[in-house]
Amino acid sequence: MAGFAAAWLALREPVDAISRSSALTAELRAWRTSLGPLSVLDVASGTGANLRYLAPQLSGEQRWCLVDHDAALMACGHRMLQPWRVEQDLALSLEWRPLDLVKEWDSLDLPAFDLVTASAFMDLVSSAWLTRFTHRCRLWQATVLVALSYDGTIRWQPALAEDARVCEWINRHQCTDKGFGPALGPNAATSLAFSLRELGYRVILQPSPWRLEPTHAALQTALLEGWIEAVKFIADDSLDWLDPWGAQRRRWIEQGESYLQVGHQDVFGRL
Ligand SMILES: C[S@@+](CC[C@H](N)C(=O)[O-])C[C@H]1O[C@@H](n2cnc3c(N)ncnc32)[C@H](O)[C@@H]1O
């Protein structure tokens, strides 16, 4: 599959940060208070947005291992974190580990991690890979926080009759193979919650929707163009309606009249 651009991750990072469930962040902080130095695994870290959100919340001494298969994103993240670390003044040690999560997930060895976390990732994986993930977390007896899995809901304001059709195609596209086998897409968070519960975890699932205003024009535009591409790629019926729909959406974004809600879910699990 095509990789994720650093520019795209930078565009979504501030919106992700304000959309994450504050209730689950509070649960995480409460869990953390009883522990000393903390070891954290960030799965599919990209440029490190999840670390930048969580490390200040967790406070205290932390050892992070960030894994991803995209060396360019990791190099970009490494550069971004230099000034950020000085600014934050946290007791952090960091290891960037290049790793293909499909081929090498099982090679991640002990010592175990206290916390396994991921953001904007779990909707890419298959049911089989999710099971490998949760079993490994259980083996480590790790607490789990997985944020910002897409939940299948897209609401535009003003609405158009074709919105539901676009959403249906996008959700089908979400379930295509992203390198892990058929992706869980909109079912990711509920599947993760179910699998963790089966393994004895106490699990909380919370919504973390993006609520995009006209000021988020760049992110709205990037989503719109990506979704149009996805529909063209996957749809097998006539798409005469798609260009006029896209043109009207572009006009509303340019005129500062477009609102967009994209549903996500966060999952917190502890033993
Ligand atoms: C949407 S990005 C999220 C990045 C980051 N967690 C964030 O919140 O900005 C998904 C990430 O999954 C990584 N990824 C996808 N497939 C992977 C694989 N097979 N092995 C390792 N990383 C993978 C991509 O390189 C990318 O960094």
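**Reading the ligand site and the fold**

Reader: Which residue has a polar backbone atom 2.9 Å from a nitrogen atom of the ligand?

Author: L101 has that backbone atom, 2.9 Å from a ligand nitrogen. Such a pair is a polar contact: two N or O atoms within 3.5 Å; within protein, one must be able to donate a hydrogen and the other to accept it, and residues adjacent in sequence count only if both atoms are side-chain atoms.

Reader: What kind of model is this?

Author: It is a predicted model, in which local features need pLDDT of at least 70, side-chain atom pairs count only at pLDDT 80 or more, and totals for chains, interfaces and linings use all residues. Residues are numbered from 1 along each chain as its sequence is written, and side-chain values use heavy atoms, with hydrogens and water left out.

Reader: Which side chain has an N or O atom 2.6 Å from a ligand oxygen?

Author: Look at D68. An N or O atom of its side chain is 2.6 Å from an oxygen atom of the ligand. Then turn to H69. There a backbone N or O atom lies 3.3 Å from a nitrogen of the ligand.

Reader: How much of the ligand does the protein bury?

Author: The protein buries 97% of the 590 Å² that the ligand exposes when taken alone. The areas come from the Shrake-Rupley method with a 1.4 Å probe; for residues, only the protein chains shown count as cover.

Reader: What should I know about phi and peptide bonds in general?

Author: Most residues other than glycine have a negative phi, and most peptide bonds are trans. Now the case of A44: its phi is near 60 degrees, a positive value in a residue other than glycine. A44 lies in the loop between strand 1 (38–43) and helix 3 (49–58). Helices (H or I, at least four residues) and strands (E, at least two) are DSSP runs, numbered from the N terminus.

Reader: Is A44 buried or exposed?

Author: A44 counts as buried because its relative accessibility is 18%. The cut-offs: buried is under 20% relative accessible area, exposed over 50%, partly exposed in between (1.4 Å probe, protein chains only).

Reader: What happens just after helix 3?

Author: S59 takes a positive phi of about 50 degrees there. S59 sits in the loop between helix 3 and strand 2 (62–68). With a relative accessible area of 36%, S59 is partly exposed.

Reader: Why is helix 3 largely enclosed by the rest of the structure?

Author: Because 7 of its 10 residues are buried. They are N50, L51, R52, Y53, L54, A55 and L58.

Reader: Where is a cis peptide bond?

Author: Go to the bond from Q157 to P158. P158 lies in the loop between strand 5 (143–157) and helix 7 (163–174).

Reader: Where does S21 lie?

Author: S21 is in the loop between helix 1 (6–19) and helix 2 (22–32). S21 counts as buried, with 6% relative accessibility. A polar atom of the S21 side chain lies 3.1 Å from the backbone nitrogen of L24.
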